Amino acid sequence: MSHTNWAGNYTYRARKLHRPSTLEQVQEIVASASRVRVVGSRHSFTDIGDSSELLTLDELPPEVVVDHEARTVAFTAGLKYGALAEALATEGLALANLASLPHISVAGAVATATHGSGDANGNLATAVADLEMIKSDGEVLTASRRDADFNGLVVGLGALGAVTRITLDVEPAYDVRQRVFEGLGWDALFEHFDEITSSGYSVSVFTRWAETTDQVWVKSRVTEAPEQVRSDLFGAVPATLDRHPILGIDPVNCSPQLGVAGPWSERLPHFRSGFTPSSGEEIQSEYFVPRRHAAAAIEVLRALADTIRPLLQVCEIRTMAADELWMSPQYGQDTVGFHFTWWPEQDAVERALVPVEAALAPFGARPHWGKLFLSDAEALAAPYERLPDFIRLVEQLDPRGAFRNHWLETRVLRGAGGGA
Ligand SMILES: Cc1cc2nc3c(=O)[nH]c(=O)nc-3n(C[C@H](O)[C@H](O)[C@H](O)COP(=O)(O)OP(=O)(O)OC[C@H]3O[C@@H](n4cnc5c(N)ncnc54)[C@H](O)[C@@H]3O)c2cc1C
């Protein structure tokens, strides 16, 4: 097969792409492959999802089953958030949060702890109530929140098994409106960081590290109370037209703004379902630090503006609530994330990541697993304190190493006694 990832910066080396249409076929493929990975919607930016054989779940029926009493939805794990949202709409239900675009597969997002934003919102993996996965011996493993080691299974990095079915928490459908504020000053952000990130249900600060930040996107849940329309946000003024997060790009593919209320699934992502997300020509990195270090971390990145800016389309600052998932960048700490949308100049970006990672390391920065970063397993052993437990789980569930790949060995296993 010859396939690239979404960004086109990685070409899969796998010899074979399997397209099973039943669970039994997934079991057979996994049990008989020497090295195998499930491929999701290919939105990661590295070789994280490559192997000598790949399998996609796209041919399996989605089998969406809602349990109104338990407030959950179960479905085939390869389903994309956009399709899941459509199925939930017919049931009057919603998820608590979404990432910046609806085109990614739920299993792939969960495997890498993909997140949206919001002080009180955990990453998307925190919504997982049950998992079904095929282990490398072909056996089915089911696990739910009550089970030991569940917190290690969820953000599995594709290393534990082929996740075939996922159950997520749901809630009654709700509407969201978003407003964009422009020109927030750095001092205002430092002084009012908590008020700004809590000014909506989900808040994103976009910047290109110039004299001010560029935009603050505030997404608020619609309630029965009339909206308190802000005339400013600590000096930032409301946009009077729809905006794209990257200044100068036509906002036609962005979700509606200007306070127009709409379904959660059409406002929480920055981009509309039917359109090319973002600029389409980019690579991404992201680092997470404990939120108490937000201002200090912003300062060290500002000091690197001259290095960062020539390669940068835009940076997005978001907040996420702490969780208990072992390999989550939010494990044990409320977090602020610094996301970089780079121009697709990988060598230059990797050179720029050297000072960026060095500057953020003192804050115990944890990288986004699905994006581009430099740190190896040895460097990541300290910030990911549950790494030894996770490696134990990898060895226990996949003793023959079928789900191991180059990325896992260099980024995860070699750091904390995982051999490889
Ligand atoms: C335009 C764009 C916008 C993005 N926005 C955000 C954002 O807002 N927030 C954020 O946090 N991230 C964001 N990301 C990153 C993205 O969410 C992650 O890279 C995520 O892993 C993508 O899911 P995927 O299905 O494409 O996974 P893939 O890239 O296909 O795979 C990622 C990993 O998941 C594993 N995997 C996939 N399916 C399964 C399965 N069924 N069983 C076991 N393992 C599996 C793979 O083996 C691999 O290790 C964005 C990426 C892009 C390209």
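I will start with the ligand and then turn to the nonpolar cores.

This is a predicted model: local features need pLDDT of at least 70, side-chain atom pairs count only at pLDDT 80 or more, and totals for chains, interfaces and linings use all residues. Residues are numbered from 1 along each chain as its sequence is written, and side-chain values use heavy atoms, with hydrogens and water left out.

Which residues come nearest to the ligand? Of 36 around it, they are S41, H43, S44, S105 and H368. "Around" means a heavy atom within 4 Å.

Now the polar contacts, pairs of N or O atoms within 3.5 Å. A side-chain N or O atom of R37 sits 2.9 Å from a ligand oxygen. For V38, a polar backbone atom is 2.8 Å from an oxygen of the ligand. For H43, a backbone N or O atom is 2.7 Å from a ligand oxygen.

Helix and strand names follow DSSP runs: helices are H or I, at least four residues, and strands are E, at least two. Helix α3 gives the most to the ligand shell: four residues.

On to the cores. A nonpolar core joins buried Ala, Val, Leu, Ile, Met, Phe, Trp, Tyr and Cys residues through side-chain atoms within 4.5 Å. Buried means under 20% relative accessible area, with a 1.4 Å probe and protein chains only. The largest core holds 125 residues. F340 is one of those with the most contacts inside it. Helix α9, residues 346-360, gives this core its largest share, seven residues. Another core lies apart, with five residues, including Y10 and V39.

Definitions and conventions:
Polar contact = N/O pair within 3.5 Å; in protein donor to acceptor, adjacent residues only side chain to side chain. Buried < 20%, exposed > 50% of the residue type's maximum accessible area, 1.4 Å probe, protein only.
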